[in-house]
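Please keep the structure open while reading.

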Amino acid sequence: MDRVFRVCCPAVVAETSTQNARTRRFRFNWVDSFLWFIRISAIIAIVVGLTGTIQNFLDGQGPTVEQWRDLFVSSISTGAMYGLVALGYSMVYGVLGFINFAHGEVFMSGIMVGWIAAMLLFENGLWDANPFISLAIVLLVAMFTSTLIAVLTEKIAYRPLRGSPRLIPLITSIGVSFFLQYAFAGLFGVGLQTYPAPPGILSEDINVFGVPIEGTKLLVIAVAILAMVALWYFVTKTKTGRAMRAVAEDKEIAGLMGINVDRTIVTTFAVGGAMAGVGGLLWALLFRNVQFITGFLPGIKAFTAAVLGGIGNLPGAMLGGVFLGLFEGMGPLLVLDGLGIPAVSQLKDAVAFSALILVLIFRPTGLLGERLGSEDRA
Amino acid sequence: MIDMRRTFRFGLLAGGAMAFLGGIGMIESFNERTLIDPILRMGDLFLYGTLFVIAYIAARGEINILEEPDYRAAETTATGAAVGFVATMVTVVYALLITAVDVVEFFPNMDEAMVESLTFEQGAPIGLALLGLASVIVGAVGGWLVSTADGLKQSISKVVGWVLGFALLEVVVTDIVESRDVSRLIYSPNGGLRLWSVAVIAVLVVYLSRRYSGRLTSFAAEVSNADSKSRLRRGVIAFLVFAAIVLPMLLGGILNELMINVSLFVLMGLGLNIVVGLAGLLDLGYVAFFAVGAYGTAVLTSPLSPTFSPQLNWWVALPIVFVLAAIAGLLVGTPVIRMRGDYLAIVTLGFGEIVRILLLSDWLTPLFGGSQGIRRIPGVDVPFLGEVGGTRPEFFVYLTLIFVLIAGYISYRAQNSRIGRAWAAMREDEDVAEAIGISTVSAKLLAFVTGAIIASFAGALFSAKVGAVFTNSFDVLVSIIILVVVIVGGMGSISGVIVGAFVLIGVLGGPKSPGLLAEFAEFKLLFYGAILVFMMLKRPEGLLPSVRRSRELHQDEMSQDAWLEKGGDFTADDAEGATT
């Protein structure tokens, strides 16, 4: 109790210099020991939960092997989608050093407008006749919309704020996020819009090395990998990509080297938006419905994924997405169920956020560490 | 010479904005409210108001001081009219497209009814012509206003401001007058001002402002320049306190209800102001502390609390709730102590969501009632008055005002104390603050704890007022809205928070409660977003900024050419524009 009091009461802290030195030692010990307490109790909880689940499994209770496998596959495909959205956060953070809260809405806009395209295709019968061409059209529409919204927000809201104190663009992006959400709510109505059912081929299981995987999920994972490879090629091999990395490293010097910084930043937003658009198609394949608030939670989770992988680091964002997908998909059943907590699937989002907090406590630089734009934060 | 391309672009912008307002259904639903009986409806006000503002900005860019005044006026008017014309073209094409192609399946608001509302319910050819005529006239007036003399411009904006104020706040005026017969004199039975009362208001405003404007502005300047200890300043504060004491007696039930909502947000705003405004820690999960206060009170006082139900008196529960909130503050504060800026924001947001999800989950339902919530929370026992709860808003207002006073006093004293200066130093540069011997760890924790306790005031009052707590009162939205209140009012400024809460919660409405303009319900979050972006772009220090904060921000501006031209030319007109 005494320590708590000292921490809370600066009058005591600042009394004399000797006492100051002593209380300082106290204080750091207190915070550090609290953090250690969190770390240790997290590890204990995970270990106990895991043993509980394994015990259950050996007793023949809980999910079967097949169910675990399906859960694993669907977690990875959800994670791949998070990863694609996370790329946008990571790139913008790397270049401008702020969290673009509105990126979740960029993602949502792609799904929303893609829905129109999907419905039109469905009404014309193209959706069932030529499934892959239809999906490609929806993908293009979603990518175009997301890119457009991302570039517009950059031009209208973020560009005038360049160089202002760090919190200002963050707060602006919260405003943009709300504006976009409720603009879409006004335009499309507040109800849930449902995509037409995916073509028959996709709902069948496909054998991959002897393991049956649902077609949709396989497609999601394949598209995510393709998009990631394309982005990787773009960032590392092309001239624009090199310019982007240079701007992330140092805007002024990049400008002196003859790089058009403004255009590079717009490109960053555009590429991030396009990736969110791809993510949007994957969302549509996985969950099939969309609403104006669809972007909010996946947006925050995608940011979590970006932090998990090490923000500013592109492969990290993808990896972080997959890990986050696994955490929130498997974590509740794997750990919390073993602890004897009822109805664990309700706690999915809480697990995702706890993962964020624990990552920042355990390893603030993320899984792969920071490579681009190492801002002060830890 | 008029820059045709620029004018055309502005016209497209205005047309796009008008189409957008129609497309989200705003015009249609706002048109149900009449502002001035036969001639002006609220939807039209927003539709043509947007056009007016854009035409004004377009014309302002055309102004050239080297030219003759007459020519200048003609030029700006022509620019405005051209903007109006282009905007009409866009809107007409849009309306025709909607009539021709059926898009209701995708955009539920883009139907015949919307076209009707755009065209004054006159159908295609006549209505569209009317729309065009109105747009060109509004645009031309907007353009013409740019080149008028300042005095005339001021008079016009004052008259418009007061007339719109009376028209929009019809509910308040009727509620204060408390007699339909008297209010019928001003307002027509269909709602909205009568034409002749508009004339009376206009004449009165012009006359009074001519007569007293000099004195009023000099008085306002004197008050704002007076230092905090002077008699004048104290007099103003005493007057405000007096007004706060008398006002609830004059107001009717609805307005007192609204006052309670506003006060709760003032409370939370004051608490968040300590965390964000003074200490510079962006907390997006602030609602978690509000939830701790509300659920703590509910569990301790309600007889229906599922497992643990001591049924304490509200006043006995209060200190326990404070302790719980302080512990919550420490629990959230400690893990994030080493994080900065954006990371802090996202982690606190995560904490807020975790709290809500846990309260809702089956796991903790035995303790907090899950989605059923906790009902039958008793009101507050007040000597001589008995139990004061949400059913007696005229007394409950005083209770909230007392807590607002306490929170205001805490913030005021903290601001200028040793810890307040430590917060300011930490906000500006954490490393330097650490280097000059400020313990940033304890300063941060203290900010979190103080903020948490003030939020728990609001939580305890909220649960006693509503009589039940449900998890949906505590989602992220609330945190964001409190943040908007603090930012719009002015970060770090106590009076700013109060003004922000009145303007936003009082007029637009809170996350779950309607404000004075109940029509906004559907669109208020759109407005919140737009206001937040606008404030950050144009006036990041808020409506009533704290001196230190605005200096900090302007120092940064000096290096930015884009902001230099704006350079703080914020006038009373703008403030009025924001309140009406």
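In this predicted model, 64 residues of chain B are in contact with 71 residues of chain A. Together the two chains bury about 6000 Å², and carbon and sulfur atoms account for 77% of that area. On the chain B side, the residues that lose the most area to chain A are B:F106, B:D342 and B:Y343, which together make up 13% of what that side buries.

Several helices of chain B build the side that touches chain A. At least two residues each come from α1 (4-23), α14 (314-333), α15 (341-360), α18 (418-428), α20 (440-466), α21 (476-489), α23 (524-538) and α24 (547-557) of chain B. Of the elements on this side, α15(B) gives the most, with 13 residues. Sorted by class, the side of chain B that touches chain A holds 44 nonpolar, 11 polar and nine charged residues.

The next step is inside chain B. Its domain assignment gives domain 1 (1-148) and domain 2 (237-579). Taken over C-alpha atoms, the centres of domain 1 of chain B and domain 2 of chain B are separated by 39 Å.

Where the two domains of chain B meet, eight residues of domain 1 are in contact with six residues of domain 2. The area buried between domain 1 of chain B and domain 2 of chain B is about 670 Å², with 78% of it from carbon and sulfur atoms. Within domain 1 of chain B, the residues B:M26, B:F30 and B:R33 supply 50% of the area buried against domain 2 of chain B, more than any other three residues.

Across this interface between the domains of chain B, the rule finds zero salt bridges. On the side of domain 1 of chain B that touches domain 2 of chain B, α2 (26-30) and α3 (42-62) of chain B each supply at least two residues. The largest share of that side, three residues, comes from α2(B). By class, the residues of this side of domain 1 of chain B are five nonpolar, two polar and one charged.

Definitions and conventions. Residues are numbered from 1 along each chain as its sequence is written. Chains are lettered from A and ligands numbered from 1 in the order in which they are written. This is a predicted model: local features need pLDDT of at least 70, side-chain atom pairs count only at pLDDT 80 or more; totals for chains, interfaces and linings use all residues. Side-chain values use heavy atoms; hydrogens and water are left out. Domain bounds come from an automatic or database domain assignment. Contact means heavy atoms within 4.5 Å. Buried area is the accessible area (1.4 Å probe) that two parts lose on being put together, summed over both. A salt bridge is a side-chain nitrogen of Lys or Arg within 4 Å of a carboxyl oxygen of Asp or Glu. Helices (H or I, at least four residues) and strands (E, at least two) are DSSP runs, numbered from the N terminus. Ala, Val, Leu, Ile, Met, Phe, Trp, Tyr, Cys and Pro count as nonpolar, Asp, Glu, Lys and Arg as charged, and the others, Gly among them, as polar.
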